[in-house]
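I opened the model and went through it one element at a time. My notes follow in the order in which I looked things up.

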Amino acid sequence: MNVQSRLLVVLPLVAAALAACSREAAPVRSEPPFYRRLDMGGGPVDPASSLSMINQYRGNNGLVQLQWDPTLARIAQGQADRMAAADRVHSTEEAGLDRELQAAGIPYASFLANFSAGYRTFAEAFSGWRESKQHNATMLAGRATRVGLATAYAPNSKYKIFWTLVVVEPR
């Protein structure tokens, strides 16, 4: 093979390699955690972004910010797990939250809770709760200062995800 023949083979390869190097990298897509689908394999709800969204909403309504409470989150997780195991949403009365709060040593003047299922993302749950008079009242509980939030994944359920939000007004 002479030099001219080699150049005819090598030059297109070099040009293709240089063209590949000059392309911009594909953009990395990053979605906010509150849009992360929890109905596809489970995974916990992101406490920081969820609390931020709730607190922004409370702030827009002139209310104090809620503080994340790990004990309330543990109680919320137990509630979500029980609903997922039963494959149904229970009521506040059925939940027995008053007993759980007392057993955990959490003094309270009042508490409210949202129990729901079927929302695929926190953004969907937040929107659904905002549209429900009862659930909205929980998010906007005027004297509440502490919060716990949890989800439970039930792959064989028509709902897939069960949600519990608990807010407490201290004593």
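**Ground rules.** I call two strands paired if DSSP finds at least two bridges between them. Helices (H or I, at least four residues) and strands (E, at least two) are DSSP runs, numbered from the N terminus. The model is predicted, so I ask for pLDDT of at least 70 for local features and 80 or more for side-chain atom pairs, while totals for chains, interfaces and linings use all residues. Residues are numbered from 1 along each chain as its sequence is written, and side-chain values use heavy atoms, with hydrogens and water left out.

**Overview.** I counted seven helices and four strands. Along the sequence I read the pattern α-α-β-α-α-α-β-α-α-β-β. For burial I take under 20% relative accessible area as buried, over 50% as exposed, and in between as partly exposed (1.4 Å probe, protein chains only). On that scale 39% of the 171 residues are buried. Contact means heavy atoms within 4.5 Å. Of the contacts with a separation of 6 or more, 68% are between residues 24 or more positions apart.

**The sheet.** I traced an open sheet of four strands in the order β1-β3-β4-β2, with mixed pairing. Its edge strands are β1 (67–68) and β2, each pairing on one side only.

I started with β1. It pairs with β3 in the parallel sense over two bridges. Q67 stands opposite R146 in β3.

Next I took strand β3 (residues 146–153). It runs antiparallel to β4, joined to it by eight bridges. I noted two positions here: T151 stands opposite W163 in β4, and A150 has T164 as its bridge partner in β4. β3 is largely enclosed by the rest of the structure, because six of its eight residues are buried.

Then I moved to strand β2 (residues 110–117). It pairs with strand β4 (residues 161–169) in the antiparallel sense, over eight bridges. W163 in β4 came up again, as the bridge partner of S116. β2 is mostly covered, with six of its eight residues buried.

**W68.** I looked up this residue in strand β1. W68 counts as partly exposed because its relative accessibility is 30%. W68 and V147 are 79 residues apart in sequence, yet 5.2 Å apart in space, C-alpha to C-alpha. Not counting residues up to four places away in sequence, W68 touches P47, L51, A73, V147, G148 and L149.

**α6 over the sheet.** I then asked what α6 lies across. It lies across β2, β3 and β4, and runs at about 60° to β4. I use axes that are lines fitted to C-alpha atoms, for helices over the stretch in contact, with angles from 0 to 180 degrees between N-to-C directions. The buried residues of α6 are F122, A123, A125, F126, G128 and W129. Their cover includes α2, β2, α7, β3 and β4.

**α2 against α6.** I checked this helix pair next. The axes of helix α2 (residues 47–60) and helix α6 (residues 122–131) come within 10 Å and cross at roughly 30°. That makes α2 roughly parallel to α6. My cut-offs are under 35 degrees for roughly parallel, over 145 for roughly antiparallel, 65 to 115 for roughly perpendicular, and oblique for the rest.

Which residues meet? From α2 I listed S50, M53, I54 and Y57; from α6, F122, F126 and R130. The contact residues of α2 with α6 divide into five nonpolar, one polar and one charged. I count Ala, Val, Leu, Ile, Met, Phe, Trp, Tyr, Cys and Pro as nonpolar, Asp, Glu, Lys and Arg as charged, and the others, Gly among them, as polar.

**A141.** My last stop was in the loop between α7 (133–139) and β3, where A141 sits. Is A141 buried or exposed? A141 counts as buried because its relative accessibility is 12%. Leaving aside neighbours within four places in sequence, A141 is in contact with R58, L112 and V167. I also noted V64: A141 and V64 are 77 residues apart in sequence and 9.7 Å apart in space, C-alpha to C-alpha.
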